[in-house]
Structure formats: C-alpha cells, structure tokens
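The sequence and structure follow.

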Amino acid sequence: MRKGFTLIEILIVILIIGILIALFLPHFSLFQERAKRTKVKSNMETIQKALIAWAQDHYGEFPMPEIVGEVLDPEGPLAYYFPGGEIEEDKIGEFPINPYTGLPYNSEYEDLFYGGKYVFKNYGENAKIWAGDTLCPYLKWADSIVLSGQIAVGVYFDTITYTVTQYGIAGWGECFAESLNYPIYEISPLVKDPLDKKYWKFYVLHN
C-alpha cells in the first residue's frame, strides 16, 4: 500500500501549479486594477453628490476654490456634505477611501483636488469628455504630477458673477509614467493603436 507521493509526482504537481499561476496572474492583476478603477468612479460619484447637496443649500452655486482650498480640508465646510455629515449637529462626514493607498481623500497626501490648477477657462469646457482634438481639457491635465487613485474637481469660475457655476470631476487609475497619467478613459475595442486619442472617451462627471 502506498503511503505518500514520490518526488517526481510532487515536482509534477508543483510544475502544474506554477504554470497555472503564470497563466492567471496577469489576468488577476488586470481584474484588481479594474476593481480599483471602479471604486475610483464610485468615489467620484460620492464627491458629486456632496457638491450637489452643497449647491442646494447655496442657491445653485458650488464652493469657491478659496473656500475649499486646493486640498479639501477634512474639517472644511464641504466635509459636512459627505455621507454621515450633519451641519446642524456639527458632524463631519466620511470622505471616501482611495483604493490604491487605503487612505481617505482628505489625508495629507493630497489625493483630492478642487480648483487650483484644475480650472476651466471657457464656459462649457468641463462637459467635453471626448478626446481627439485640442479642445479636450482633460488631456492637458496629464502634465500634472498625479497619484494613483487621485481625483480632481475642475471648476469654471465666472468672473462676472464671481461664482463657480460649473464643475468636472476626473479620476485616475494606476499611474506608471507621466505620459500615461491621463484620467480614467475608455477606448474603442476596434482601435489597433491605443495611443490614438481620438477614440478615447473619458469617464468624467459634470453638471
């Protein structure tokens, strides 16, 4: 009666396991990245809901950059509009978590930006989510140093009414090099050259 495996059998099993790992590991990494990007999109929606709630209490206007600051203050006025926050009870809401760092977006690592260097120069520019020409503002944001999972809220400041009347929310996936640091976008599956930007469609939330 056999009581164990031979050395050859053990090596064969190890070899098979190694082959399976080699086959599935790249796909697992892609699944992980896709899940993180989905979480970033969900975080963008949370931020959008906070902005909409703010506007409902401020006559349809959105926060001024100098009020919120380039990095959203964890105890700033907009913080009350995140989930769980209550202005009347002086209760700060919970900021969403960056899936790449595991830290809330109001941390010192500045994963969440509002205004500042992300400002639209022309009315309606925030709604342009299709690339392929020089009019798409989100391609210009690629020159900035960004972090994986970062979210930026671009705003249009009306110099006549002195109000923020428009916003556009963009998020980033995993960032490898400056040339690839474009906000999250989708690309046509029929495109042979993925760098052909005219077939890109950015995932952007805007009013």
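Ala142 is placed in the loop between helix 3 (137–140) and strand 2 (151–158); helices (H or I, at least four residues) and strands (E, at least two) are DSSP runs, numbered from the N terminus. The model is predicted: local features need pLDDT of at least 70 and side-chain atom pairs count only at pLDDT 80 or more, while totals for chains, interfaces and linings use all residues. Residues are numbered from 1 along each chain as its sequence is written, and side-chain values use heavy atoms, with hydrogens and water left out.

With a relative accessible area of 6%, Ala142 is buried (buried means under 20% relative accessible area, exposed over 50%, partly exposed in between, with a 1.4 Å probe and protein chains only). Ser144 also lies in the loop between helix 3 and strand 2, and it counts as buried at 16% relative accessibility.

The protein chain as a whole has three helices and six strands, arranged along the sequence in the pattern α-α-β-α-β-β-β-β-β. Of its 207 residues, 38% count as buried.

**Charged pairs**

Side chains of opposite charge can pair when their charged atoms come close. The structure contains two salt bridges, a salt bridge being a side-chain nitrogen of Lys or Arg within 4 Å of a carboxyl oxygen of Asp or Glu. One joins the side chains of Glu33 and Arg37, at 2.7 Å from N to O. These two residues both belong to helix 1 (residues 7–57) and are four residues apart, about one turn of the helix. Glu33 is buried, at a relative accessible area of 16%, whereas Arg37 is partly exposed, at 26%.

In the other salt bridge, the closest N and O atoms of Lys41 and Glu186 are 3.8 Å apart. This pair links distant parts of the chain, with Lys41 in helix 1 and Glu186 in strand 4 (residues 185–187), 145 residues apart. Glu186 has 44% relative accessibility and counts as partly exposed.

**Nonpolar surface**

Leu7, Ile8, Ile10, Leu11, Ile12, Ile14, Ile16 and Leu20 make a nonpolar surface patch of about 770 Å². Patches consist of residues with over 30% relative accessible area and no salt bridge, like charges being joined within 9 Å and nonpolar side chains (Val, Leu, Ile, Met, Phe, Trp, Tyr) within 5 Å. The areas come from the Shrake-Rupley method with a 1.4 Å probe, and for residues only the protein chains shown count as cover. Leu7 is located in helix 1 and is exposed, at 61% relative accessibility.

**Largest pocket**

The largest pocket holds about 600 Å³ of space. Of its 19 lining residues, Leu30, Glu33, Arg34, Arg37 and Tyr185 are the closest to its centre. Helix 1 and strand 4 are the elements that give two or more residues to the lining, and helix 1 supplies the largest share, six residues. A pocket is defined on a 1 Å grid over the protein atoms alone, as an open set of points where a 1.4 Å probe fits, with protein on both sides within 12 Å along at least five of seven lines; lining residues have an atom within 4 Å of a point. Grid points are joined across faces, edges and corners, and the volume is the space filled by probe spheres set on the points.
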